[in-house]
Amino acid sequence: MFFTFHNTVELLGIIAFAFSGALAAIQKKLDVFGILVLTFVTAIGGGTLRDMMIGSLPVSWMKDLETIITLIVCYLIALFFTKYIRKFHHTMFWLDTIGLAFFCVVAIAKAISFGLHPIVAVAIGTISGCFGGIIRDVLLNEIPYVFRKDVYASACISGGVMYFGLLKFITDENLVSIIAGFVIITIRASARYLNLHMPDIYKKG
Amino acid sequence: MFFTFHNTVELLGIIAFAFSGALAAIQKKLDVFGILVLTFVTAIGGGTLRDMMIGSLPVSWMKDLETIITLIVCYLIALFFTKYIRKFHHTMFWLDTIGLAFFCVVAIAKAISFGLHPIVAVAIGTISGCFGGIIRDVLLNEIPYVFRKDVYASACISGGVMYFGLLKFITDENLVSIIAGFVIITIRASARYLNLHMPDIYKKG
Amino acid sequence: MFFTFHNTVELLGIIAFAFSGALAAIQKKLDVFGILVLTFVTAIGGGTLRDMMIGSLPVSWMKDLETIITLIVCYLIALFFTKYIRKFHHTMFWLDTIGLAFFCVVAIAKAISFGLHPIVAVAIGTISGCFGGIIRDVLLNEIPYVFRKDVYASACISGGVMYFGLLKFITDENLVSIIAGFVIITIRASARYLNLHMPDIYKKG
């Protein structure tokens with residue numbers, strides 16, 4: 001049950017990031033193969049890096065066909081809806097946010113199951129949530145979006161701390177994961193819509 | 001025999017990619033160390049990523065001196081022939097195509113020997129064939145060439161499907177590898193010289 | 001004693017690269033999260049790649065809290081001293097040089113303890129020393145600095161060769177590491193201040 005739950009959450013995160021990668025590629029007018037690579041890399045980049053670093057090999061998307069088939073379906077849907085893309089104004093933001101939250105929580109759970117320290121687990125969760133998007137932006141030859149104007153990491157780290165705080169009171173790990181994921185989404189969304197930013201350190205200079 | 005054959009094919013792919021990396025670095029006027037890094041990274045990037053993902057560690061180029069010595073020789077040859085580089089008009093294309101085909105086939109064979117599913121194996125083959133060139137272009141601060149105007153992946157995927165199709169009729173894996181590699185090269189070369197492109201999805205918009 | 005010594009050297013290299021990453025991010029005016037990511041990635045990128053390639057998993061910074069806590073302290077110091085950054089004229093160079101030397105030596109020692117060939121060990125040392133900085137520059141959307149005008153690799157390779165040369169005469173590995181590290185720093189620093197460059201191969205053209 002534990003693994004089934006987290007596998008499902010990971011798959012939802014993968015779907016969110018897959019569309020985020022596909023849309024970014026389409027906006028940059030890449031060809032159909034470029035879109036395919038961006039779909040895959042954005043979706044599985046963070047999880048692949050996580051698995052390679054903690055030594056969970058072969059990496060998770062190789063262990064069954066679920067992930068690949070899901071990604072191919074996402075890719076075809078993204079291709080088909082290319083012409084409606086202007087309507088997807090806030091879509092990218094929500095896809096990224098959901099993917100971030102889900103990946104972060106799954107990576108923390110996985111790091112714990114590998115016996116790593118909670119602080120290390122939060123770092124792995126943050127890396128896992130952010131690196132799909134970072135690789136996407138690097139491949140598109142841009143400075144990663146997350147470095148520019150966002151509370152990405154703050155959200156991840158808050159969610160991670162919340163995860164371990166709640167574990168002391170709640171024994172059901174799945175419930176803890178859901179709450180922590182919700183916290184991450186809430187922090188990032190409220191930062192955006194309430195127009196909160198991280199402190200600007202350059203005004204000092 | 002199986003491993004010897006695939007090791008030889010891998011080494012030929014490494015040589016092709018090594019020159020591809022060195023020439024790209026020379027065209028960008030990098031210094032001699034930059035050329036060295038590009039030679040190595042382009043040649044072993046795809047295979048290193050493959051081995052790190054499937055858990056074949058230490059990665060294959062570390063297991064003997066063959067690869068390193070081969071790369072140093074390629075590097076010196078590339079340096080020495082810098083001044084003739086304008087004559088290498090189509091060279092890059094053929095180096096890339098051969099490297100792609102050989103890496104793709106070797107990675108598929110390796111993935112199977114790790115007990116992975118054929119569809120996963122084709123994905124690993126495609127990643128293995130493409131990522132050396134992608135890393136090369138990212139290091140040179142360009143949007144990867146393969147995203148722009150090519151039938152790169154289509155060739156890899158066709159070759160991979162061919163590989164598993166043929167395995168049902170032919171028992172000699174080496175022969176199957178040769179045919180699949182030939183299919184990949186043929187598809188990519190004919191696409192270029194017959195001026196075939198992937199469908200342009202942006203005309204719809 | 002062996003591991004304690006090399007762990008300390010690695011930690012010093014990590015500190016040097018952490019500041020190098022933080023300063024580069026501040027110069028590019030990234031936000032506080034961007035600076036955090038650059039601090040971490042520059043500091044642990046080379047070592048993480050080394051561990052993933054040789055199969056020392058989970059990667060070393062995950063095994064205790066030392067590295068993460070050190071990096072957070074470095075990050076906070078870098079943030080706090082942002083306004084003094086113009087005074088840090090030569091700082092980047094020295095941080096990079098020290099990090100390079102320390103990482104190179106530690107990676108060589110680690111590669112030997114994994115039973116790899118000395119030439120492979122030198123290659124791993126060079127990769128380990130250079131890749132933190134390469135990833136830093138790629139994330140900042142620049143052609144890696146080390147490709148442009150430096151004797152980076154020459155220093156690493158000379159230090160590595162020195163390492164194995166000295167091992168034949170001196171049995172104390174720590175002493176050998178110190179001498180090899182000193183050689184790397186000396187070569188790179190004298191190249192800079194005596195204005196030595198690698199030969200320019202483009203004049204031939």
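Mentor: In this dialogue, helices (H or I, at least four residues) and strands (E, at least two) are DSSP runs, numbered from the N terminus. Residues are numbered from 1 along each chain as its sequence is written, while chains are lettered from A and ligands numbered from 1 in the order in which they are written. This is a predicted model, in which local features need pLDDT of at least 70 and side-chain atom pairs count only at pLDDT 80 or more, whereas totals for chains, interfaces and linings use all residues.

Trainee: What is the mean pLDDT of chain A?

Mentor: The term pLDDT stands for the predictor's confidence in each residue, from 0 to 100. For chain A the mean is 84, and 88% of the residues reach 70 or more. The model as a whole scores ipTM 0.85 and pTM 0.89.

Trainee: Where is B:Pro58 placed, and which residue does a cis peptide bond join to B:Pro58?

Mentor: B:Pro58 lies in the loop between α2 (32-54) and α3 (66-80) of chain B. Its cis peptide bond is with B:Leu57, and omega there is about -10 degrees. In chain C, a cis peptide bond joins C:Leu57 and C:Pro58, with omega about -5 degrees. C:Pro58 is in the loop between α2 (32-54) and α3 (66-80) of chain C.

Trainee: How many residues does helix α7 of chain A have?

Mentor: The expected span of a helix is 1.5 Å times one less than its number of residues. Helix α7 of chain A (residues 173-193) has 21 residues, and from first C-alpha to last it reaches 30 Å, close to the expected 30 Å.

Trainee: Which residues of α7(A) are buried?

Mentor: A residue is buried if 20 or more other C-beta atoms, placed from the backbone, lie within 10 Å of its own, exposed if 12 or fewer, and partly exposed in between. In α7(A) the buried residues are A:Val176, A:Ser177, A:Ala180, A:Gly181, A:Val183, A:Ile184, A:Ile187 and A:Arg188. They lie on the same side of α7(A) because they cover an arc of only 150 degrees around the axis, the arc being that of the directions from the helix axis to the C-beta atoms. The face turned away from this buried side carries the exposed residues A:Leu175 and A:Tyr193.

Trainee: Which residue with a positive phi follows α7(A)?

Mentor: That residue is A:Asn195, with phi near 60 degrees. A:Lys29, although not a glycine, also has a positive phi, of about 60 degrees; A:Lys29 sits in the loop between α1 (2-27) and α2 (32-54) of chain A. A:Asn141, again not a glycine, has a positive phi of about 65 degrees and belongs to the loop between α5 (118-139) and α6 (152-167) of chain A.

Trainee: Is A:Lys29 buried, exposed or partly exposed?

Mentor: A:Lys29 is partly exposed, because 14 other C-beta atoms lie within 10 Å.

Trainee: With which residues is B:Thr67 in contact, leaving aside its neighbours within four places in sequence?

Mentor: Two residues are in contact if their C-beta atoms, placed from the backbone, lie within 7 Å. Beyond those sequence neighbours, B:Thr67 touches B:Ile14, B:Ile44 and B:Trp61 in this sense. B:Thr67 is part of helix α3 of chain B and counts as buried because it has 25 C-beta neighbours inside 10 Å.

Trainee: Which helix of chain B holds B:Thr97?

Mentor: B:Thr97 is in helix α4 (residues 91-113). Its 23 C-beta neighbours inside 10 Å are why B:Thr97 counts as buried. Neighbours within four places in sequence aside, B:Thr97 is in contact with B:Ile185, B:Arg188 and B:Ala189.
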